Amino acid sequence: MEEVRASSAWVASHSSHVTVDSEGIEKVVESVENSIPKVEWNYEGIHYFDNGPLTVQYLFVLDALNFCFWPDQELNYDDLASGLKSALENDQSVFDADRLQKYTGPELRELLKWPRPLPLEDERVRLIHEVGFELEKSFKGKASNIVESCGKSATNLVATIARHFPGFRDHTVYKGHQVFLYKRAQIFAADVWGAFKGKGYGEFDDVGSITIFADYIVPAVLQQLGVLRYSPSLADIIGANKEIGSGTEEEVELRACSIYAVEKMRDLIVKRTGKQVLSVELDLWLWAYGVSNPSLQHHRTLSIYY
């Protein structure tokens with residue numbers, strides 16, 4: 001995850017469309033430094049949990065599909081999480097590796113009880129096939145074996161997932177410089193940590209290495225809080241709900257500058273209070289803030305990474 005931090009900092013220092021506002025960071029930190037809202041991982045009660053390997057399997061399938069909801073205005077993450085939970089409660093073999101390799105688009109919709117084609121449905125099907133194939137080939141069909149192979153290291157877990165599963169390789173090139181973001185691989189590590197409350201499968205000695213998860217919601221929240229500032233042209237594009245291409249300067253800056261800004265927030269909180277705070281905790285707070293403000297305008301990008 002040091003690659004994520006370092007490359008995001010590089011983007012922030014060369015950014016043309018997004019600026020990280022130091023004064024904005026200070027104001028936000030002043031308002032929350034002694035009372036960062038603690039958000040429970042499953043505060044909405046939408047996730048499957050049985051305290052065993054089936055939960056890890058569920059989370060891996062969930063995070064393989066956790067991207068690009070916005071083209072369908074009625075679809076959101078909660079529909080995915082709760083839909084997969086219901087499917088698993090009805091049939092505990094539904095996420096077996098051999099079955100994951102065979103799902104069609106209509107069958108995936110049926111699992112989620114969704115009445116129409118999903119955004120980027122063909123890519124979702126391809127990625128769930130990829131997950132099933134590689135789980136069967138390298139991990140005896142079980143995502144829990146990925147976790148167990150990583151020696152209680154979230155960093156090793158993210159690296160292992162990126163090495164074995166191409167669909168999780170969330171990186172790009174920005175102004176000739178390779179940038180690493182790894183949103184879905186990191187969020188899987190954080191989900192396992194959060195679900196198991198840092199114990200059992202969720203025990204990671206380096207959970208502090210996880211950064212925030214650069215998506216649509218967090219940049220919009222940071223911009224509203226005054227932590228990020230947009231160029232007039234970017235503000236107009238987002239305000240008009242125009243699509244921003246995947247891998248464009250604007251899109252990479254929105255994501256990378258969000259990571260860099262929250263790392264700066266975390267550093268300042270630690271400096272001022274002496275208390276350790278995790279980026280994953282800040283991400284949960286920012287994300288919960290964002291989803292509770294449905295009028296928040298976010299950027300729109302067709303991407304399999306978030």
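Is Y58 buried or exposed in this predicted model? Y58 has a relative accessible area of 0%, so the residue is buried. The legends below describe close-up views of the model.

**View 1. Y48 and Y58 form a tilted aromatic pair.** The whole structure contains twelve aromatic pairs. In the pair of Y48 and Y58, the ring centres are 5.9 Å apart and the angle between the planes is 55°. Y48 is in the loop between α2 (22-32) and α3, while Y58 belongs to helix α3, so the pair ties together parts that are ten residues apart in sequence. Y48 has a relative accessibility of 7% and therefore counts as buried. The value for Y58 is 0%, and this residue is buried too.

**View 2. Y77 of helix α4 pairs with W287 of helix α14.** The planes of the two rings stand at 85°, with the centres 5.9 Å apart, so the pair of Y77 and W287 is edge-to-face. Because Y77 lies in α4 and W287 in α14, this pair ties together parts that are 210 residues apart in sequence. Both Y77 and W287 are buried.

**View 3. Helix α4 covers residues 77-90.** The distance from the first C-alpha of α4 to the last is 20 Å for 14 residues, close to the 20 Å expected at 1.5 Å a residue. Y77, L80, A81, G83, L84, A87 and L88 are the buried residues of this helix. Seen down the axis of α4, these buried residues fall within an arc of 170°, so they line one face of the helix. They pack against three other helices: α3 (53-64), α6 (105-112) and α14 (279-291). At the start of α4, the backbone nitrogen of D78 has a side-chain oxygen of N76 within 2.9 Å.

**View 4. Phenylalanine rings form a cluster.** The members F60, F139, F165, F168 and F188 are linked by ring pairs.

**View 5. Helix α10 covers residues 183-195.** At 1.5 Å a residue, its 13 residues should span 18 Å, and the end C-alpha atoms are 18 Å apart, which agrees. Of the 13 residues of α10, 13 are buried, so the helix is largely enclosed by the rest of the structure. K197, which follows α10, has a positive phi near 55°.

**View 6. Strands β2 and β3 make an antiparallel hairpin.** Residues 171-174 form β2 and residues 177-180 form β3, and four bridges join the two strands. Y174 is placed opposite H177 of β3. Two residues lie between the strands of the hairpin, and K175 has a positive phi near 50°.

**View 7. R5 sits in helix α1 (residues 2-14).** The relative accessible area of R5 is 14%, so R5 is buried. A polar atom of the R5 side chain lies 3.3 Å from the backbone oxygen of G208. Leaving aside neighbours within four places in sequence, R5 is in contact with G208, S209, I210, T211, E263, R266 and S279.

Notes. Residues are numbered from 1 along each chain as its sequence is written. This is a predicted model: local features need pLDDT of at least 70, side-chain atom pairs count only at pLDDT 80 or more; totals for chains, interfaces and linings use all residues. Side-chain values use heavy atoms; hydrogens and water are left out. Two strands pair if DSSP finds at least two bridges between them. The expected span of a helix is 1.5 Å times one less than its number of residues. Buried means under 20% relative accessible area, exposed over 50%, partly exposed in between (1.4 Å probe, protein chains only). The arc is that of the directions from the helix axis to the C-beta atoms. Contact means heavy atoms within 4.5 Å. A polar contact is a pair of N or O atoms within 3.5 Å; within protein, one must be able to donate a hydrogen and the other to accept it, and residues adjacent in sequence count only if both atoms are side-chain atoms. Rings of Phe, Tyr and Trp (its six-membered ring) pair if their centres lie within 6.5 Å; planes under 30 degrees apart count as stacked, over 60 as edge-to-face and the rest as tilted.
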